[in-house]
Amino acid sequence: MTRVGVVTFPGSLDDRDAQRAVRIAGGEPVALWHGEHDLHGVDAIVLPGGFSYGDYLRCGAIAARSPIMAEIIDAAHAGMPVLGICNGFQVLVEAHLLPGGLIRNDHGDFVCRDQRLRVENAGTAWTSRFEPGQEITIPLKNGEGGYIATDDELDRLEGEGLVAFRYLDVNPNGSLRDIAGLTNARGNVVGLMPHPEHAVEPGFGPDTPAAMSSGVDGLEFFRSALESVLARA
Amino acid sequence: MIDSVAHAASTPERELPYAALGLKDDEFARIRELLGRRPTGAELAMYSVMWSEHCSYKSSKVHLRQFGRKVDDRMRERLMVGMGENAGVLDLGDGWAVTFKIESHNHPSYVEPFQGAATGVGGIVRDIISMGARPVAVMDALRFGAVDHPDTARVLPGVVGGISFYANCLGLPNIGGETWFDPVYQANPLVNALAVGVLRHEDLHLASATGAGNRVVLFGARTGGDGIGGASILASESFEENSGRKRPSVQVGDPFAEKVLIECCLELFHAGLVEGIQDLGAAGISCATSELAANGGSGMRVELDAVLLRDPSLTPEEILMSESQERMMAVVAPDKLDAFLAVTAKWEVETSVLGEVTGDGRLVITWRGETIVDVDPSTVAVDGPVYERPFHRPAWLDALQADTAGRLPRPAAGAELRAQSLALLGSANLADASRITSQYDRYVLGNTALSSPDDAGMIRVDESSGLGVAVATDANGRYGQLDPYAGAQLALAEAYRNVAVTGATPIGVSDCLNFGSPENPEVMWQFERAVTGLADGCLELGIPVTGGNVSFYNQTGDVPIHPTPVVAVLGMIDDVARRVPSGWQDAGDNLYLLGTTRLELDGSAWAGVVHDHLGGRPPAVDLAAEKDLGELLAAGAHEGLFNAAHDLSDGGLIAALAEGCLRFGVGARVWLDDVLERDGVDAATALFSESGARAVVAVPREEDVKFTRLCEGRGVPVLRIGVTDGGAGSEAALEVQGLFALPLDELRAVHTAPLARFHHDAAH
């Protein structure tokens, strides 16, 4: 069975949720500890949501320099699928695996909502099961999710197709160009502010027109990664 | 010069500032009598803080005993831990248990709304951890002053921001609560925080120190100078001549430290490394040491020098009283100490061994080699003063109760009823609270089955079976003012109903009793009536009070708040997949009104909003009818008969219908004729009355026969009052046939407007 590591930093909150999502998608979740250098032979990695190290310096900044991240950065450069969700996205940015920065929401508040997104790049390890341009709904919950980069950088990201997800209907945090998530050029490293691991199980996901809490669009992230691992093997 | 026990014995004449510490003359005399000498400064600090109203319940104890007395065997069936511990514990079956408790943090939240509310969440969550449970959800019951008062714009965003900050960073879903506005809370907002935890039976822990030789360990955040004077008023300059420093009285929270502490504690529990545990809240080390030793019937020897300090200049008295957050105290067997320290090291939680459990029944604390405390811990923690404060029925109550809202003009014409309906739905207390609740994470942990705006929050406990719990909190201070006995029972009934409509079966109660000054005999009467009402009500409904909290001295100047007994009811459900939301999702369902409607507008939202009126007697309490209704709702949910169920309370039928429509944006066509005819009421009464034991349910047509048979079988009054539809998109409306129609777009705009104004400044 494909083994997907989920890192727990002190202050990680959605780590057990990410493990559940991996399990529901058909993979084997493996708990990884921030202080170790051992990836336990996993095939893919999820950096979960939360407030690693209290986010006291800059969100994700301390976690990006933890022992386990040294290994993850190497693995990412070698092509291993890595997904950063919310705080995990912030960690990926702080680790320079993805460009730009994430700052406090423009309205100043933490916001939790069911968020519509458009999948702009369906060619990554984490989005291959989506159609290009597919519209999905997954929960978003953050206080510092405003994506920023220089105009040149934003032009480059758009030009090279590295914007993986864009916010639809509402830009919930002031992200430039409605950017919700990014991929690296190779397509193995993906980061986004919304939480796919909270849209994997009927009854506990976002509302859909069909029924309350029935949204499972997030499941395809994890299924995509499992397929991509098999394809690499 | 250290004020040691020996020094105290040799200087009996020394004056102590006991009055400044909140102790009365007779209380100080009692301490001298207990010790056979004058107390040391450290002992005085301990007694003063532990004998404060907040810690000792000295004014409320004689009345709270009813909760323990008015209990029958059926109420004890699920009760694993009752009142007196950090939180009550109820058996859920299959080896699972749940613990929950609601507690106030009112006064700090007025002084410093953000930190006051944040540390309120932190404190109640530590109560849950100390039972051996994993915290799984929080809720909050909030009361603010007038919605348009300038200070409300300071207090509300601060409180909401503090709750959001702390609970979101802890990774706990916020699954519900209430927000209520009334000028009586202007200078005294109420911030009542609730936490829920789940545990396996074998993980249950108690705050008890036993086993001589076991180590006493303090772990978590370092001890600093914050919160001194929180539990009692310590003016440090008058306490010790050399100490002229002012300490902040409101504690500062660090949710990251608490999150790490949660995971660290759970790992310690699962590894079996903890014999007894107590969180540090009000009264800090004073409370933890004396309660652990008193509960264990043991003694304890503590070296205060071993406490890790954030501020090395703290005096021993300050260390004993500090309310620094995110700290726990554990009792650990000597052979498990190394393993214990390994776990705290793994989580990078600072830990120090303060001393050990002894068998001599004394709590002995040393500082710089000298004994500064030598007391019987039970005299500190258990046998504090008990007051039988005088109480009497307020003289003004007769006139207030005679002033019934039944005399106020009630409209009959559709246009007027429409205008009053919109006024109600656009009033602050009935308004859409999503401006607040959208700042709370409701998804984290992945087990949230229901959350705000549904009537109760619901959490899955067991992922394999779907076993879950539902919790609702309620209180109506306006009812409490008119009749505190009935007001408390109506709060209980509403919370009970709010749990029942989700399909869960109520099994326990926690309460947070917010009142004015107990030294005011009229307030004391209100308190006595409310406690009696709640205890009687719980006995009748067959659900025990498992714990809670009393908050006195809630007043502005001499004017007390309305009696506000916030009641939290917890229920269980076999499988959360059977949960029922509060709004309809599909067109074509039949809408039924369960229960009967009487002319009961006294204290109602209608009387308050439309007529600025508060008078009369609150709606009649019929707990037998509430129970019948609750059982019917549970049975119907179990058989899958409901697509939606929503309780009727503030704002009556029109509020329930509007909320039912707005929940998922599906309209409804409703007719009142049958209600008017059967119950002999007019249209305004049918729409706005707040009679109890009522709910609206949406039943799919194919379940109609089964449903009506269920109602007949259980003798619950039922009438079909409408259908869900009302068109699609911008056509969707709530239509009350023959009277008026409210397009949902218009309704939503009105409903969201009152709280939309509140914006939390990012800079804090």
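1. In this note, a residue is buried under 20% relative accessible area, exposed over 50% and partly exposed in between, with a 1.4 Å probe and protein chains only. At 33% relative accessibility, R578(B) therefore counts as partly exposed. R578(B) is placed in the loop between strand 21 (564–573) and strand 22 (590–594) of chain B; helices (H or I, at least four residues) and strands (E, at least two) are DSSP runs numbered from the N terminus.

2. The model is predicted: local features need pLDDT of at least 70, side-chain atom pairs count only at pLDDT 80 or more, and totals for chains, interfaces and linings use all residues. Residues are numbered from 1 along each chain as its sequence is written, chains are lettered from A and ligands numbered from 1 in the order in which they are written, and side-chain values use heavy atoms, with hydrogens and water left out.

3. Not counting residues up to four places away in sequence, R578(B) touches T502(B), I573(B), A637(B) and H638(B), a contact being heavy atoms within 4.5 Å. From D383(B), R578(B) is 195 residues away in sequence and 47 Å away in space, C-alpha to C-alpha.

4. Chain A comprises five helices and 11 strands. Of the 233 residues in chain A, 64% are buried.

5. Over all chains, the structure holds 58 salt bridges, each defined as a side-chain nitrogen of Lys or Arg within 4 Å of a carboxyl oxygen of Asp or Glu. In chain A, E153(A) pairs in this way with R156(A), the closest N and O atoms being 2.8 Å apart. The two residues are three apart in helix 4 (residues 151–159) of chain A, which means a separation of about one helical turn.

6. In chain B, D682(B) and R410(B) form a salt bridge with closest N and O atoms 3.1 Å apart. D682(B) lies in the loop between helix 25 (673–679) and helix 26 (683–688), and R410(B) in the loop between helix 16 (397–402) and helix 17 (414–425), so the pair ties together parts that are 272 residues apart in sequence.

7. A further salt bridge joins R418(B) and E746(B), with closest N and O atoms 2.7 Å apart. Because R418(B) lies in helix 17 and E746(B) in helix 28 (residues 744–756) of chain B, this pair ties together parts that are 328 residues apart in sequence.
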